[in-house]
Amino acid sequence: MSEIAVVDIGGTHARFAIAEVGDGRVRRLGEACTLKTGDHAGLEEAWHVFRERSGHALPRAAAIAFAGPVVGEVLKLTNNPWVIRPALLRRELGLERLTIINDFAAVAHAVAQLGDGDYRHLCGPPEDLPRQGLISVIGPGTGLGVAQLLRRADGVYDVIPTEGGHTHFAPLDAVEDRILAQLRVRYGRVSVERLAGGMGLAGIYEALAAVEERPVEVRDDKTLWTAALSGADRLAGAALARYLLILGAVAGDLALAHGAVGVVIAGGLGLRLAEHLPGSGFRDRFTAKGRFERRMDGIPVKLLTHPQPGLFGAAAAFAQEHP
């Protein structure tokens with residue numbers, strides 16, 4: 001058994017904790033320390049804040065989940081100005097062992113090691129996730145994370161990171177045609193992340209306001225999401241209903257493309273949507289795949305309820321790499 005520091009760096013927050021790992025698995029995950037990335041110049045500065053808050057020296061081994069492609073000598077976050085240079089990190093942070101992994105690959109590692117009690121059923125057959133086959137892990141957060149978990153018959157698993165959130169958005173009705181046209185003016189190419197990620201609610205809200213020919217009340221994402229989830233604003237509520245339709249369609253497309261036998265919706269935004277997903281149009285859009293509708297209806301779809309899957313998954317990835 002050994003202690004490691006684990007870090008989950010997203011578009012808005014960086015989370016830190018101490019974990020215990022052994023025999024290829026996570027044995028314990030400590031309390032998380034959450035910092036806003038915008039308040040710190042980079043990882044090294046935030047690391048020192050975590051060390052000060054922990055009140056003691058940090059382990060000389062670490063695992064980092066990173067919201068972007070983990071390729072090359074310089075890692076740039078997709079929705080965050082921080083830059084990480086893996087070759088320098090050991091010296092900068094005083095580490096002897098280091099694992100760096102894509103953030104949603106980390107969530108897939110968490111799915112591989114967490115128990116059945118860490119999920120809430122959303123749709124499909126009311127059974128546990130299959131122990132063999134491919135699981136699509138999809139996470140609306142600041143952006144849209146996508147990873148694949150391949151479970152083998154002998155209990156061994158492989159995690160495949162992807163950038164599935166950056167595939168092109170395909171509208172399914174006239175309202176979404178209008179939404180796409182409006183966003184295309186702003187962005188040119190419109191990825192599914194622009195609508196199924198956390199940033200998507202604002203674009204949908206603005207497009208619906210244009211359809212109704214009413215002025216848009218400018219709000220930051222947090223305020224808009226609060227209004228939508230609480231039902232305090234009718235148009236924000238309509239935007240949320242449309243968002244859940246789009247999320248269902250995107251999740252179904254990804255599951256179909258992956259050949260998935262199970263789907264997990266993960267991430268902090270997923271937890272906030274827990275009470276809204278079951279009664280929404282998510283399931284209908286997930287299964288509406290023409291000739292494959294019966295197959296889609298046979299896929300169990302779960303909501304991951306563990307509060308820190310990125311941290312847990314980073315620790316799991318380290319445990320797999322350093323058994």
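**Helix packing and selected residues in a predicted model**

Colleague: How many disulfides does the structure hold?

Modeller: The structure, which is a predicted model, holds zero disulfides.

Colleague: Is Cys33 buried or exposed?

Modeller: Cys33 counts as buried, at 10% relative accessibility. Cys123 is buried too, with a relative accessible area of 5%.

Colleague: Let us turn to the helices. At what angle do the axes of α4 and α6 cross?

Modeller: The axes of α4, residues 174-187, and α6, residues 200-211, cross at roughly 110° and come within 9 Å. The two helices are therefore roughly perpendicular to each other.

Colleague: Which hand does the crossing of α4 and α6 have?

Modeller: The crossing is right-handed.

Colleague: And which residues make the contact?

Modeller: On the α4 side, the contact is made by Val175, Arg178, Ile179, Gln182, Leu183 and Arg186. On the α6 side, Gly203, Ile204, Glu206, Ala207, Leu208, Ala210 and Val211 take part. By residue class, the contact of α4 with α6 divides into eight nonpolar, two polar and three charged.

Colleague: How far apart are the axes of α3 and α12?

Modeller: The axes of α3 (residues 103-113) and α12 (residues 309-321) are 7 Å apart, and the helices pack at an angle of about 80°. Helices α3 and α12 are therefore roughly perpendicular to each other.

Colleague: Which residues of α3 and α12 meet?

Modeller: From α3, the residues are Ala106, Val107, His109, Ala110 and Gln113. They meet Pro309, Gly310, Phe312, Gly313, Ala314, Ala316, Ala317 and Gln320 of α12. The residues of this contact divide into eight nonpolar, five polar and no charged.

Colleague: What about α7 and α8: at what angle do they pack?

Modeller: Helix α7 packs against α8 (residues 234-258) at an angle of about 85°, with the axes 8 Å apart. That makes α7 roughly perpendicular to α8. In α7, Leu224, Trp225, Ala227, Ala228 and Leu229 meet Ala236, Gly237, Leu240 and Tyr243 in α8. The contact of α7 with α8 divides into eight nonpolar residues, one polar and no charged.

Colleague: Now some single residues. Where is Arg285 found?

Modeller: Arg285 is found in helix α10, residues 282-287.

Colleague: Why does Arg285 count as buried?

Modeller: Arg285 counts as buried because its relative accessibility is 12%, and buried means under 20%.

Colleague: What is Arg285 in contact with, leaving aside neighbours within four places in sequence?

Modeller: With those neighbours left aside, Arg285 is in contact with Leu172, Asp173, Glu176, Arg242, Leu245, Ile246, Gly248 and Ala249.

Colleague: On to the loops. Where does Ser191 lie, and is it buried or exposed?

Modeller: Ser191 lies in the loop between α4 and α5, the latter spanning 193-196. Ser191 counts as buried, at 6% relative accessibility. Not counting residues up to four places away in sequence, Ser191 touches Gly165, His166, Thr167, His168 and Phe169.

Colleague: And Gly68, where is that found?

Modeller: Gly68 is found in the loop between β5 (61-66) and β6 (75-76). At 2% relative accessibility, this glycine counts as buried. Its C-alpha atom is separated by 20 Å from that of Ala17, 51 residues apart along the chain.

Colleague: Where does Gly11 lie?

Modeller: Gly11 lies in the loop between β1 (2-9) and β2 (13-22). With a relative accessible area of 21%, Gly11 is partly exposed. Gly11 and Gly141 are 130 residues apart in sequence, yet their C-alpha atoms are 8.4 Å apart in space.

Colleague: One more topic, backbone angles. What is the phi of Asp23?

Modeller: Asp23 has a positive phi of about 55°, although it is not a glycine. Asp23 is found in the loop between β2 and β3 (25-29), and is exposed, with a relative accessible area of 69%.

Colleague: And what is the phi of Glu213?

Modeller: Glu213, likewise not a glycine, has a positive phi of about 55°. Glu213 is found in the loop between α6 and α7 (221-230). With a relative accessible area of 73%, Glu213 is exposed.

Technical notes
Residues numbered from 1 in each chain as written. Predicted model: local features only at pLDDT ≥ 70, side-chain atom pairs only at ≥ 80, totals over all residues. Heavy atoms only, no water. Axes fitted to C-alpha atoms, helices over the stretch in contact; angles between N-to-C directions. Helix = DSSP H or I, 4+ residues; strand = E, 2+ residues; numbered from the N terminus. Parallel < 35°, antiparallel > 145°, perpendicular 65-115°, else oblique. Left-handed = near helix turned anticlockwise from the far one by under 90°. Contact = heavy atoms within 4.5 Å. Nonpolar A, V, L, I, M, F, W, Y, C, P; charged D, E, K, R; others polar. Disulfide = S-S within 2.5 Å. Buried < 20%, exposed > 50% of the residue type's maximum accessible area, 1.4 Å probe, protein only.
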